[in-house]
Amino acid sequence: MTPAARIAAAIGLLDGWLAGGAAEQLLTNWARANRYAGSGDRAAIRDLVFDALRCRRSVAALGGGDTGRGMMIGLLRARGEDPQTLFTGEGYAPAPLTASEQGGGLPPADLPELVACDCPDGLAPVLRDSLGADFLSVMQALRLRAPVFLRINAARSTAEKMCAALAEEGIATRPHPLSPTALEVTEGARRVRGSRAFAKGLVEVQDAASQAVADMMPVPEGGKVLDYCAGGGGKTLALAARVGATYAAHDAAPARMRDLPARAARAGARVTCVQDPAAGAPYDLVLCDVPCTGSGAWRRSPEAKWRTTPADLARLTQVQAGILDRAAPLVALGYATCSLIRAENGDQVAAFLARHDGWHLEAERRLTPLQGGDGFYAAVLRRRGGGC
């Protein structure tokens, strides 16, 4: 496919997203319907779509319209490229720019602040309040592609060995300060899932800040650990790399854990998926990585930035409180979100402590993309006289 044809495909996909479709499903359907497109074409089109979604407000303003076409015109302008060189109407290229499109769109210097930093209006007040002086810097960081991070399986290898082994397969990495198990991929990211190291369970793809959250959790020797909201099991496996404890995983939607047994087997970890977490109580640690707005990971999941409303935030904070209350009888708690919003983080923990006598906050950490990984919050809550 020509660069112009890729732009045309991205326009159609963005229009589908604006009509309510999910980006990943739209991309999958497009690939199935256009089998002539090679892997390079599919990857390039995916990058165009997600680059536009991360910067939806600013590129739509630069391009003169909140449409797929407007967003792609604006994305090219944001990159310093002249859209007229690709919008030619020749072959599979998009139609030439109209007179209004040639003169339309705001210049970058005239973009309002929230448009320039691609912040949704509805959540701007809580994000400003939560991030304080870092608000603009964090919102700008969320406009960029996220780095690719790997987690070393610490039970089976070391950073030095994995950097060398991955380099032999054309994958350049470097250690990252957020976690001793974190490697940032600087070259060859698309080779990772086909690498020998990945196939042998020596590395997993996992954000460095997510690894830092797992590092915080106090896993006792010979103890029992439950990942209460396991999802795909990334943090479960990060915890299970610490040998000497037993691990269980639970999720309200068990289908989310369908790949976890195979991933655990590949990593040489022993994890039991459970339907009823109370049946295995008591535990020495229960990690509640709760459903949240995902605002700390918007550069990976930009759709959520534009589709999450203040009403969603209110609903999620109720869900989070309910999870903590249900998990409290199971023993000591780790609480985590991939959110930047105080109402989901410190405020949620403070409210739990106010509701439950005999608990105290032992440790907490707030991370934003300014430290390199995604935005996360984590806290360790201990019942006085017990727990881990």
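Helix α1 and helix α3 (residues 39-54) pack with their axes 9 Å apart and at an angle of about 50°. Here an axis is a line fitted to C-alpha atoms, for helices over the stretch in contact, and angles run from 0 to 180 degrees between N-to-C directions. Helices (H or I, at least four residues) and strands (E, at least two) are DSSP runs, numbered from the N terminus. The angle makes α1 oblique to α3; angles under 35 degrees count as roughly parallel, over 145 as roughly antiparallel, 65 to 115 as roughly perpendicular and the rest as oblique. This is a predicted model, in which local features need pLDDT of at least 70 and side-chain atom pairs count only at pLDDT 80 or more, while totals for chains, interfaces and linings use all residues. Residues are numbered from 1 along each chain as its sequence is written, and side-chain values use heavy atoms, with hydrogens and water left out.

The crossing of α1 over α3 is right-handed; a crossing is left-handed if the near helix is turned anticlockwise from the far one by less than a right angle, and right-handed if clockwise. On the α1 side, Arg6, Ile7, Ala9, Ala10, Leu13, Leu14 and Trp17 meet Gly40, Asp41, Ala44, Ile45, Leu48, Val49, Ala52 and Leu53 in α3. Contact means heavy atoms within 4.5 Å. Sorted by class, the contact of α1 with α3 has twelve nonpolar, one polar and two charged residues. In this sorting, Ala, Val, Leu, Ile, Met, Phe, Trp, Tyr, Cys and Pro count as nonpolar, Asp, Glu, Lys and Arg as charged, and the others, Gly among them, as polar.

Helix α1 (residues 3-18) also packs with helix α5 (residues 68-78): the two axes come within 7 Å and cross at roughly 130°. The helices α1 and α5 are therefore oblique to each other, and α1 passes α5 in a right-handed crossing. From α1, the contact draws on Ile7, Ala10, Ile11, Leu14, Asp15 and Leu18, and from α5 on Gly68, Arg69, Met71, Met72 and Leu76. The residues of the contact of α1 with α5 divide into eight nonpolar, one polar and two charged.

Another partner of α5 is α4, whose axis lies 7 Å from that of α5 at an angle of about 95°. That makes α4 roughly perpendicular to α5. Arg56, Val59, Ala60, Leu62 and Gly63 of α4 make this contact with Gly70, Met71, Ile73, Gly74, Leu75, Arg77 and Ala78 of α5. By class, the contact of α4 with α5 has seven nonpolar, three polar and two charged residues.

How much of α4 is covered? Helix α4 (residues 56-63) is mostly covered, with seven of its eight residues buried. Buried means under 20% relative accessible area, exposed over 50%, partly exposed in between (1.4 Å probe, protein chains only). The buried residues of α4 are Arg56, Ser58, Val59, Ala60, Ala61, Leu62 and Gly63. Their cover includes α1, α3, α5, α7 (113-116) and α15 (302-307). Just after α4, Gly64 takes a positive phi of about 85°.

Helix α12 (residues 208-216) is largely enclosed by the rest of the structure, because seven of its nine residues are buried. These are Ala208, Ala209, Ser210, Gln211, Ala212, Val213 and Ala214. The buried residues of α12 pack against β1, β3 (182-187), α13 (234-240), β9, β10 (359-367) and β11.

Asn153 lies in the loop between β1 (148-152) and α10 (159-168), and at 4% relative accessibility it counts as buried. Leaving out residues up to four places away in sequence, Asn153 touches Gly201, Leu202, Ala241 and Ala267. Leu166, in helix α10, is buried with a relative accessible area of 0%. Beyond its neighbours within four places in sequence, Leu166 is in contact with Leu150, Ile171, Thr173, Leu183, Ser195 and Ala197. Leu166 and Ser195 are 29 residues apart in sequence, yet 7.7 Å apart in space, C-alpha to C-alpha.

Finally, a search of the whole structure finds two aromatic pairs. Rings of Phe, Tyr and Trp (its six-membered ring) pair if their centres lie within 6.5 Å; planes under 30 degrees apart count as stacked, over 60 as edge-to-face and the rest as tilted. Tyr335 and Tyr377 form an edge-to-face pair, 6.3 Å centre to centre with 65° between the planes. This pair links distant parts of the chain, since Tyr335 is in strand β9 (residues 331-337) and Tyr377 in strand β11 (residues 376-383), 42 residues apart. Tyr335 and Tyr377 are both buried. The rings of Phe352 and Trp359 have their centres 5.5 Å apart and their planes at 75°, so this pair is edge-to-face. Phe352 and Trp359 are both buried.
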